[in-house]
Amino acid sequence: MAHELDHDLRKAITLSIAAVSVLWVIQSAGVLFSLPLNVLGIMPLDPARLYGILTAPLVHGSYEHIFNNTLPLIVLGTALWYGYPRSRWWVIASSWLVSGLGVWLFGREAVHLGASGVSHGLFFFLFTVSVFRRDARSVGLMMIAFFMYGGMIMTIFPRDPSISFEAHFFGAVGGVLAAVTLWRRDPKPVLKKYSWEGEEELDDPVIGDLWKRSATDADTNSDNDSEKSL
């Protein structure tokens, strides 16, 4: 029963939506009360802003920014929560921390914020772990993720100066690391075995084994005819 609950799709969707809703509440509070949310972002190589590694994914630069991250976080978060109940928190932590630390160490001089590093980590985890596991569930989740967000493979490279590709790149690194280390952690789905599988093919219920007798009788008659001819 616990195993079934761990793979509850409705629960996975609900929790992903709830998590993203928290980000919208933070963004709306910042706009309504003129809160300086930028101070929660990452400033590379600034020791006083190390806390940004933890807080940067919680804040966004604009409603457009958080809107662009909303659906990927819901879809990929649902896939992670549904498919990998034993690994999900480790995957989120790896994507979150590796992305933030990589930006702090190697990012351009700017304030980096937003949850896109985490979403890239989730995508690259789903993609990479399916290569190792190769079971129906992991491949199916990977195909959904790739069909909807396969473009994330290209966004880890610099394109738009206003977009933190560093967060994308190191988030992807965190997702791949999680896949390499955790791909055995979740049990593979049990293959259903139907009653007709593995059974020997039965004779026709009407004819039965008459065809065998007929073949035997024919061979016997043939032998008798041969003896008579001799």
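User: What is the volume of the second largest pocket?
Analyst: Happy to start there: this is a predicted model, where local features need pLDDT of at least 70 and side-chain atom pairs 80 or more, while totals for chains, interfaces and linings use all residues. Residues are numbered from 1 along each chain as its sequence is written, and side-chain values use heavy atoms, without hydrogens or water. A pocket is an open set of points on a 1 Å grid over the protein atoms alone, where a 1.4 Å probe fits, with protein on both sides within 12 Å along at least five of seven lines. Counting the space filled by probe spheres on points joined across faces, edges and corners, the second largest pocket comes to about 410 Å³.

User: Which helix gives the most to the lining of the second largest pocket?
Analyst: Its 17 lining residues (an atom within 4 Å of a point) include Ala19, Val20, Ile92, Trp96 and Val118, which lie nearest the centre. Helices (DSSP runs of H or I, at least four residues, numbered from the N terminus) that give two or more residues are H2 (9–32), H4, H5 and H6. With five residues, the most comes from H2.

User: Which helix gives the most to the lining of the largest pocket?
Analyst: That pocket has a volume of about 690 Å³. Among its 37 lining residues, His65, Ser116, Ile163, Ser164 and His168 are the closest to the centre. Helices H4 (63–83), H5 (88–106), H6 and H8 (165–182) each give two or more. With five residues, the most comes from H6.
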